[in-house]
Amino acid sequence: MKVLLLKDAKEDDCGQDPYIRELGLYGLEATLIPVLSFEFLSLSSFCEKLSRPEDYGGLIFTSPRAVEAVELCLEKDNKTEDWEKSLKDKWSTKSVYVVGKATASLVKKIGLDFEGENCGNAEKLAEYISSRESPALPLLFPCGTLKREVLPNMLKDKGIPMESITVYQTIPHPEIQGNLHSYYSKQGIPACVTFFSPSGLRYSLKHIQELSGDSIDQIKLAAIGPTTARALAAEGLLVSCTAESPTPQALASGIRGALQPHCCC
């Protein structure tokens, strides 16, 4: 059975996208099509803040792009050497919170220890932070233009100071329509389509519906997490599978269950 994953490819240490590999273990043929692109913003302002670790109690990363912004802004402002010599060590004495293993792996690459990677979403991370932080210096939160307010609001309610800075914006991938048309022309209609974010859903759903035609009702729709599942439901669509956690293993297991007769995940 064919599974369409609406995300960009991320090779792991084995040189293969882990979602492709995990689905393949269940005999499912998965294809990746990226639906999002990103533009980085305010990098100089972000670099200034990173250069003053003494002003903050720690960092919060909820997406890989936010971590990429660290590398880009340091490179842009010629601060990479400063990071390696002193800034990294100063930030390492503070709390660094992350959501998801993809984000965690990038944080590890820039030399920081982290916690919270198993929380799975912003709500759970906010609960985790609230259980560990006492009001003091603000946590620095680099984020995108589409960030939800759950995390800031929950921390505010707990009296934990936080300073947000928008470092990227999400835009549709320029080749989304052509790539989807090519997939449907060559592979036909997939048994399952998986969405990885509300914005990815927004930019791709119309094309998926047009290409699938009357067969759209036969396609199992999967979501990487509850936020994306709610976005699908808001479009009046039946969510066949929501991954129990945002990992390749959990998603593959859920999709396998959704595609088996008389079994739901």
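## A quick tour: a loop, a strand, a pocket

Start by selecting R52, which you'll find in the loop that runs between α2 (43–50) and β4 (58–61). Keep in mind that you're looking at a predicted model. Is R52 buried, exposed or in between? It comes out as partly exposed, because its relative accessibility is 31%, which falls between the 20% and 50% cut-offs.

Now show the side chains of R52 and D55: a polar contact links the two, at 2.7 Å.

Next stop, L140. Select residues 139–144 to bring up strand β6, and you'll have L140 in it. Why does L140 count as buried? Its relative accessibility is 0%, and anything under 20% is called buried.

So what is packed around L140? Setting aside neighbours within four places in sequence, select F46, K49, L50, Y56, G58, L59, I60, W91, E163 and I165: L140 is in contact with each of these. Take E163 from that list and draw a C-alpha to C-alpha line to L140; it reads 5.0 Å, although the two residues are 23 apart along the chain.

Last, move over to the second largest pocket. Select I216, D217, Q218, I219, K220, L221, L237, L238 and S240, and you have its lining. Colour that selection by residue class and you get five nonpolar, two polar and two charged residues. How big is the volume of this second largest pocket? About 170 Å³.

Key:
Residues are numbered from 1 along each chain as its sequence is written. This is a predicted model: local features need pLDDT of at least 70, side-chain atom pairs count only at pLDDT 80 or more; totals for chains, interfaces and linings use all residues. Side-chain values use heavy atoms; hydrogens and water are left out. On a 1 Å grid over the protein atoms alone, a cavity is a set of points where a 1.4 Å probe fits but cannot get out, and a pocket is an open set with protein on both sides within 12 Å along at least five of seven lines; lining residues have an atom within 4 Å of a point. Grid points are joined across faces, edges and corners, and a volume is the space filled by probe spheres set on the points. Ala, Val, Leu, Ile, Met, Phe, Trp, Tyr, Cys and Pro count as nonpolar, Asp, Glu, Lys and Arg as charged, and the others, Gly among them, as polar. Helices (H or I, at least four residues) and strands (E, at least two) are DSSP runs, numbered from the N terminus. Buried means under 20% relative accessible area, exposed over 50%, partly exposed in between (1.4 Å probe, protein chains only). A polar contact is a pair of N or O atoms within 3.5 Å; within protein, one must be able to donate a hydrogen and the other to accept it, and residues adjacent in sequence count only if both atoms are side-chain atoms. Contact means heavy atoms within 4.5 Å.
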